[in-house]
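Me: Could you go through this structure with me, slowly and in plain words?

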Amino acid sequence: ASAAAAAASSATIRQYMNKTPSLHCHICTRPTGETRPAICSRLDEGTCRKIVCLRCFEVHAAVVGPPPAPGEPWLCTHCRGICPPTAQCAAYLRAKKKQEMKKMAM
């Protein structure tokens, strides 16, 4: 399992009061104003706001899989624990580890 998957499984489930999808792709951080992103179906539950842009479905097809049909329920890569290394959760983990290493060096 990837580091992102481990973080996703060990993290507490966050409840969002504002059930609106994110404005940026979880994988590439591209603003999604111009394209129709895939929105995680857990948005309705208030537990996930992540979206993936259509370009990331093309670039990361082996990991992400095919884009869902409009209106079809879809679980994001984060909820499935299969985020590619460019995803924001993986970038966060790398930054967190770097900070921890700096603290230990002091």
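Reply: Let me start with a term: a nonpolar core is a set of buried residues of kinds such as Ala, Val, Phe, Trp and Cys, joined through side-chain atoms within 4.5 Å. Please keep in mind that this is a predicted model.

Me: Which residues make up the largest nonpolar core here?

Reply: Twelve residues make up that core, namely Cys25, Ile27, Ala38, Cys40, Cys48, Val52, Cys53, Cys56, Phe57, Val64, Trp74 and Cys76. As a general point, nonpolar side chains tend to be buried together in soluble globular proteins.

Me: And what does Cys40 touch?

Reply: Leaving aside residues up to four places away in sequence, Cys40 touches Cys48, Lys50, Trp74, Leu75, Cys76 and Cys79.

Me: How many disulfides does the structure hold?

Reply: The structure holds zero disulfides. Cys89, for instance, is in no disulfide, and the nearest cysteine sulfur, which belongs to Cys83, is 3.5 Å away.

Me: Are Cys56 and Cys89 buried or exposed?

Reply: Cys56 counts as buried because its relative accessibility is 3%, and Cys89 is buried as well, with a relative accessible area of 11%.

Me: Changing topic, what lines the second largest pocket?

Reply: That pocket, with a volume of about 160 Å³, is lined by 15 residues, and Ile39, Gly71, Glu72, Pro73 and Trp74 lie nearest its centre. Sorted by class, its lining has ten nonpolar, two polar and three charged residues.

Definitions and conventions. Residues numbered from 1 in each chain as written. Predicted model: local features only at pLDDT ≥ 70, side-chain atom pairs only at ≥ 80, totals over all residues. Heavy atoms only, no water. Buried < 20%, exposed > 50% of the residue type's maximum accessible area, 1.4 Å probe, protein only. Contact = heavy atoms within 4.5 Å. 1 Å grid on protein atoms, 1.4 Å probe; cavity = no way out; pocket = protein on both sides within 12 Å on 5 of 7 lines; lining within 4 Å. Points joined across faces, edges and corners; volume = space filled by probe spheres on them. Nonpolar A, V, L, I, M, F, W, Y, C, P; charged D, E, K, R; others polar. Disulfide = S-S within 2.5 Å.
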